[in-house]
Amino acid sequence: MLTSLKLHNFKCFEDLELSLCNLNVFTGMNGAGKSTILQSLLLLAQSADSIENTGKIRLNGSFEELGVGSDILYEKAVSDDIEISYRYDGEAFSYQMHNSAADEIQTITGEKAERPFKDTHIIYLSAYRIAPQKLYHITDENMLCNREFDKSGEYVIQYLDRFRNDDVKNQNILRGTDRDRSLGKQTEYWMDLISPGVRPEIYINDLERTAELRFSYKKGRDLTNAYRSINVGFGITYVLPVVVSLLTAQPGDIIILENPEAHIHPKGQRMLGEMIAAASASGAQIMVETHSDHVLNGIRLAVKNRVIRCDTVKLYYLFQKDDANDAEENYTHECVSPIIDEDGMLNEWPEGFFDEWDKIACAVRSSVHERRKNLKFP
């Protein structure tokens, strides 16, 4: 498991050091650096073969398209040296490069670097996941057996069809009254919790190498016809790869999720938070970038309900510091880490950390108070 991450002169961070645990939640304003943290890991992951064989880091690959060297160098850097370091299972790993501004490939400086993350399986689902469409591509069996879902999650559809009868091994994530452990049934249970009544149905055409995704709905004891994904809610298709990835999480996996809550209503977002927490209890390490207080509250409930321990959760709030009195500190990117206790309570709520509801409620109460004061009675 990754236990720490250090960045130097990487994108918006001059220097950043984080401690990590089983479940790591990154939130904050747009442009505050959440994606940068995840990109540092994905950059190493997509360059693993290249680093091991040639000592090169590829800025554009299967996970991320980061451009050229000038795109990843901290804007105010006093040198061209970039470093991404981490601790993994007690060992320290460091990858340093002297930035080559116009190149897509960067050369690691110093001694021959070790392969990043060794043989760790990394699943990454980007913010741009599969949308409703008539047909989806299918892949080869080797990729399916290795749980290669693509960053869009497109191959989840074929995986679910192929392995729907396999048992889900994480006891903490099982739902349903009959405790059916199969991947297909657990997917149905969780999809129903996130979007009540929905059930995915998959049709594979091996000859044309395509998969069709449909959804039916449970209405009382009856089941509706199976409708094409393009004729049902956008969020249902969007969340399916997240659900399957979490259900198949295995000890030692690293799962990176961007905005898992996208296009899902608040109750469904809260259930996703609980599901993410339950998946982390399997021994998988999960990194989540989110803008949803409902996802956070689902995680807090999971802690309170003893699904996961509070000391296995790290919360990070990233923000841009603007100190008009000190030109040297203008627009630096900062990070604070509220601590969650065993009852799901937080020790602090920094300014801007999911506090909009309180601000609005306070403004409304103030407005009502002023209106009452101005009322005139005969």
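**Exercise 1.** Determine whether Glu 274 is buried or exposed in this predicted model, and which residue is its partner in a salt bridge.

*Solution.* 
Step 1. The relative accessible area of Glu 274 is 14%. Buried means under 20%, so Glu 274 counts as buried.
Step 2. The partner of Glu 274 in a salt bridge is Arg 270, with 2.6 Å between the closest N and O atoms.
Step 3. Arg 270 has a relative accessible area of 27% and is therefore partly exposed.
Step 4. Helix H8 (residues 266-280) holds both Glu 274 and Arg 270, which are four residues apart, about one turn of the helix.

**Exercise 2.** Locate the two residues of the salt bridge between Asp 253 and Arg 147, and state whether each is buried or exposed.

*Solution.* 
Step 1. The side chains of Asp 253 and Arg 147 form a salt bridge at 2.7 Å, N to O.
Step 2. This pair links distant parts of the chain, 106 residues apart. Asp 253 is in the loop between helix H7 (234-247) and strand E14 (254-258), and Arg 147 is in the loop between helix H4 (141-145) and helix H5 (156-162).
Step 3. The relative accessibility of Asp 253 is 4%, so Asp 253 counts as buried. Arg 147, at 7%, likewise counts as buried.

**Exercise 3.** State whether Arg 309 and Asp 311 are buried or exposed, and how many salt bridges the structure holds.

*Solution.* 
Step 1. Arg 309 and Asp 311 form a salt bridge, their closest N and O atoms being 2.9 Å apart.
Step 2. Both Arg 309 and Asp 311 are exposed.
Step 3. The structure holds eleven salt bridges.

Definitions and conventions: Residues numbered from 1 in each chain as written. Predicted model: local features only at pLDDT ≥ 70, side-chain atom pairs only at ≥ 80, totals over all residues. Heavy atoms only, no water. Salt bridge = Lys/Arg side-chain N within 4 Å of Asp/Glu carboxyl O. Buried < 20%, exposed > 50% of the residue type's maximum accessible area, 1.4 Å probe, protein only.
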